[in-house]
Amino acid sequence: MRLKDTPDYHDADLVLRLYDLRREAVMREARKALIAGWNPVTLEECLAVTAPDHPLNAAFRQCSTYWEMAYGMIKHGIVHGDYMMESNGEGLLIYSRVEPWLAQLREKAGPFAFANAEWVATHCERGKVVAARFRARQQAAMAKAAGQG
């Protein structure tokens, strides 16, 4: 897949539309609940949110699928990756929280869970930087929980 070399008006329009969707009331509440209320430090905590009766399940599904849709636009060359990642790193924060258990999550939730976020974190230059920053924060949280930090 050939990625875009430079951003253009179309990219700006898509990024602004994605921003508007993030501001929608239900989405804003889902983002707030998930980011503030879910930072798994064990496999069990990571997988628990996938249970339909988990209090954050709806927020998890809404946020993770939103970011997968958005990051798919980068993966498929629809929007310039580095330009989009200048202001849309939140999905990689969520990805960093599942990344340590991605294989197990995919066994439970489906083989393509977080596939677009993973692609952005490994193929998009700005995505690599953002993912590394969030990955370090997640590793520190896990070490602290294990009594190592």
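Start by selecting Leu3, and look at what surrounds it: leaving out residues up to four places away in sequence, Leu3 touches Ile74, Lys75, Gly77 and Trp119. Contact here means heavy atoms within 4.5 Å. Leu3 sits in the segment before α1, the helix of residues 9–23. Helices are DSSP runs of H or I with at least four residues, strands are runs of E with at least two, and both are numbered from the N terminus.

Before moving on, a word about what is on your screen. This is a predicted model, in which local features need pLDDT of at least 70, side-chain atom pairs count only at pLDDT 80 or more, and totals for chains, interfaces and linings use all residues. Residues are numbered from 1 along each chain as its sequence is written, and side-chain values use heavy atoms, with hydrogens and water left out.

Leu3 and Gly81 are 78 residues apart along the chain, yet their C-alpha atoms are separated by 7.9 Å. Is Leu3 buried or exposed, or something in between? Leu3 is partly exposed, with a relative accessible area of 32%. The cut-offs are under 20% relative accessible area for buried, over 50% for exposed, and partly exposed in between (1.4 Å probe, protein chains only).

**Next stop: Glu90**

Select Glu90 in helix α6, which covers residues 90–98. Glu90 is buried, at a relative accessible area of 16%. Which residues are in contact with Glu90, setting aside neighbours within four places in sequence? They are Arg31, Ile35, Trp67 and Tyr71. Zoom in on Arg31: its side chain makes a polar contact with the side chain of Glu90, at 2.7 Å. A polar contact is a pair of N or O atoms within 3.5 Å; within protein, one must be able to donate a hydrogen and the other to accept it, and residues adjacent in sequence count only if both atoms are side-chain atoms.

**Around α7 and α8**

Move to Ala113, in the loop between α7 (102–109) and α8 (115–123). Ala113 counts as buried, with 17% relative accessibility. From Ala113 to Leu102 the C-alpha distance is 8.0 Å, and the two are 11 residues apart in sequence.

Arg106 is buried, at 18% relative accessible area, whereas Glu118 is partly exposed, at 28%.

How many salt bridges does the structure hold? There are 7. To be counted, a side-chain nitrogen of Lys or Arg must be within 4 Å of a carboxyl oxygen of Asp or Glu.

Go to helix α1 and select Arg23 and Asp20, which are 3 residues apart there, about one turn of the helix. The closest N and O atoms of their salt bridge are 3.1 Å apart. Arg23 is partly exposed at 44% relative accessibility, and Asp20 is partly exposed with a relative accessible area of 44%.

Finish in helix α9, residues 125–145, where Glu125 and Lys128 are 3 residues apart and separated by about one helical turn. This pair forms a salt bridge, with 3.1 Å between the closest N and O atoms. Lys128 is partly exposed, at 33% relative accessible area.
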